[in-house]
Amino acid sequence: MAALTAPRIGGKPSRWTTTTILGIVGVIFAIPLVSMAEFTLRSTGGGYGFEHWLALIDPENERRYRMLWAGIRNSLLLAPSTVALMLVLLVPTMILVQLRFPRLRRLLELICLLPITVPAIALVVGLAPVYSVISGVFGSSAWTLAFAYGILVLPFAYRAVQSNLQAIDLVTLTEAARTLGASWPTVIIRVIVPALRTGLLAASVISIAVVLGEYTLASLLNRQNLQTALVQVSKSDPYTAVILSLLSLLFAFALLAVIGRVGAGRPQNRTTS
Amino acid sequence: MKYLGLAPFALYVLLMLVVPVILAVATGFTDGDGGFTLDNITALADPVIVSTFGNSFALSGITAVVGATLGALVCYALSGLAPGSRIRIAVDAVCGVLAQFGGVMLAFAFIATIGIQGIVTLILRDRLGVDIFADGVWLYQVPGLILPYLYFQVPLMVITFLPAVDGLKVQWSEANATLGGSRLTFWTRIAGPILAPSFLGGLVLLFANAFSSYATAAALISQGAQIVPLQIRGALISETVLGRENLAGTLALGMIVVMVVLMGAYSALARKTERWQR
């Protein structure tokens, strides 16, 4: 067979090079994940077993893990709240800018990518006073964090939706629908949203992943979520913290693999211009 | 009235992004009673603060250079696979998670790996007689952040740099071969110069990414303020650091200035890159 293959003239690596590099890097990157799995399977008296996994679902330990479950509940509430906020505020604005104010496109992009330049740890300094006002109005329940998380997901959600917007001709689609007598609500529900479904799905999934992994704002604004609970619980029970970290990472892999399959425009590179 | 539809988003961004940034920066210029002062800005020249920024720069620099190099190597390997292949989709998903959503969880991954009871630590010590912590437990110090940071830096480089490597056109290598060039000249005269801006862009982005990361460091280092984000934590929690109030605002200002410079450089490099990606 080798004689039949064309001589390699370009920059593509050989099969052997690809396999070697990916193999070595893959094994090195698998070590921490395998170590996590190994760590959770250690039994107290030595040897291996599912002791720590079972302890997690044992009703007797309910009190011990109460804070952890509360944190998970908060995160599971924050994820859809943030997605809703993103879909209600960002997406209509992007559609409107695309259809009516094309000259504002650069400005909108600049705003949406701004959170990359302002790290969460710097933003939280200014968010603390804002949140003392928010607590006055809405109370200090965890869901109020969604307001801040909506900002954190902006760059990710913007890119996902924008790459979908660029791929379709929204203006022509809308005009066609309007000419055929469709009302604006019909245009939005039956033309725009279906045309943007992959972008909206990708934006939602990425937002969920961001929210479930968020620690900085929650911990410094004194609110409980999954990650702050993990840090708290790790101080007395590292096994549980590692089990849940492993599960969360695997869950996030699964989420992102799903969008990879759907083939939506994930943020392929962080282009700011 | 024409712009009314943009109002909700504009108002939201104003309240949750613009106002916080202004407040953060402004607190850097106010004293304990709310009066204007430049006193806090001079704190940026304080030896303790300078050395903290130095630590942050060193950590970001090391992990950016190593991360970008390894990441570029992985991109090169991936360019040998078809774009829609299963391995690429899997690598894409794994890189996305590790680069962007790992945070605290990566800290636990490394505690389970090279912590005091980590499997790698134990295997090295019991089977090979190598005690990686012979000179003290460095995992919970700044040097201990290097490996966990690389664990998100390499994937970020892959996500950032792969489109540029994929953008290398077959025609260019054919032209090179037709004109009598070797594989070496292809890399030094064609691919190298074309990829250079995006490689540098990736390097800058990785530096910025490490510089602004907080969660992994906070989970590993529970006490102390060895890098800038941890110093902001200290300033927020205890109000008074180095005998100064409102230091968190000053540090946030310092970070934002560094980030603006980095992201400016990044977008200049990205513009150069885009010419070849059409």
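This is a predicted model: local features need pLDDT of at least 70, side-chain atom pairs count only at pLDDT 80 or more; totals for chains, interfaces and linings use all residues.

A polar contact is a pair of N or O atoms within 3.5 Å; within protein, one of the two must be able to donate a hydrogen and the other to accept it, and residues adjacent in sequence count only if both atoms are side-chain atoms.

1. Polar terms between the chains. Between chain B and chain A there are 6 residue pairs in polar contact, both residues being at pLDDT 80 or more. The number of salt bridges between chain B and chain A is 0.

2. Extent of the contact. The size of an interface is often given as the accessible area lost when the parts come together. Here about 7300 Å² is buried between chain B and chain A, and carbon and sulfur atoms give 76% of that area. Chain B brings 87 residues to the contact, and chain A brings 87 residues.

3. Secondary structure of chain B. Chain B has 12 helices and 0 strands. Read from the N terminus, its elements run α-α-α-α-α-α-α-α-α-α-α-α.

4. Dimensions and packing of chain B. Along the principal axes, the C-alpha atoms of chain B fill a box of roughly 75 × 70 × 35 Å. Chain B has 278 residues, of which 51% count as buried. Among its contacts with a separation of 6 or more, 71% are between residues 24 or more positions apart. The accessible surface of chain B is about 12000 Å², with 67% belonging to carbon and sulfur atoms.

5. Nonpolar patch on chain A. Which residues form a nonpolar patch on the surface? They are A:Leu77, A:Val133, A:Val137, A:Phe138 and A:Trp143, which together have about 490 Å² of accessible area. Helix α5 of chain A (residues 120-138) gives the most to the patch, with 3 residues. A:Val133 lies in that helix, α5. Its relative accessible area is 56%, so A:Val133 counts as exposed, the cut-off being over 50%.

6. Is A:Gln162 buried or exposed? A:Gln162 counts as buried because its relative accessibility is 10%, and the limit for that class is under 20%. A:Gln162 is placed in helix α7 of chain A (residues 154-167). Apart from neighbours within four places in sequence, A:Gln162 is in contact with A:Met94, A:Gln98 and A:Arg105. A:Met94 is 68 residues from A:Gln162 along the chain, and their C-alpha atoms are separated by 8.0 Å.

Terms used. Residues are numbered from 1 along each chain as its sequence is written. Chains are lettered from A and ligands numbered from 1 in the order in which they are written. Side-chain values use heavy atoms; hydrogens and water are left out. Patches are made of residues with over 30% relative accessible area and no salt bridge: like charges are joined within 9 Å, nonpolar side chains (Val, Leu, Ile, Met, Phe, Trp, Tyr) within 5 Å. Accessible areas come from the Shrake-Rupley method with a 1.4 Å probe; for residues, only the protein chains shown count as cover. A salt bridge is a side-chain nitrogen of Lys or Arg within 4 Å of a carboxyl oxygen of Asp or Glu. Helices (H or I, at least four residues) and strands (E, at least two) are DSSP runs, numbered from the N terminus. Buried means under 20% relative accessible area, exposed over 50%, partly exposed in between (1.4 Å probe, protein chains only). Contact means heavy atoms within 4.5 Å. Buried area is the accessible area (1.4 Å probe) that two parts lose on being put together, summed over both.
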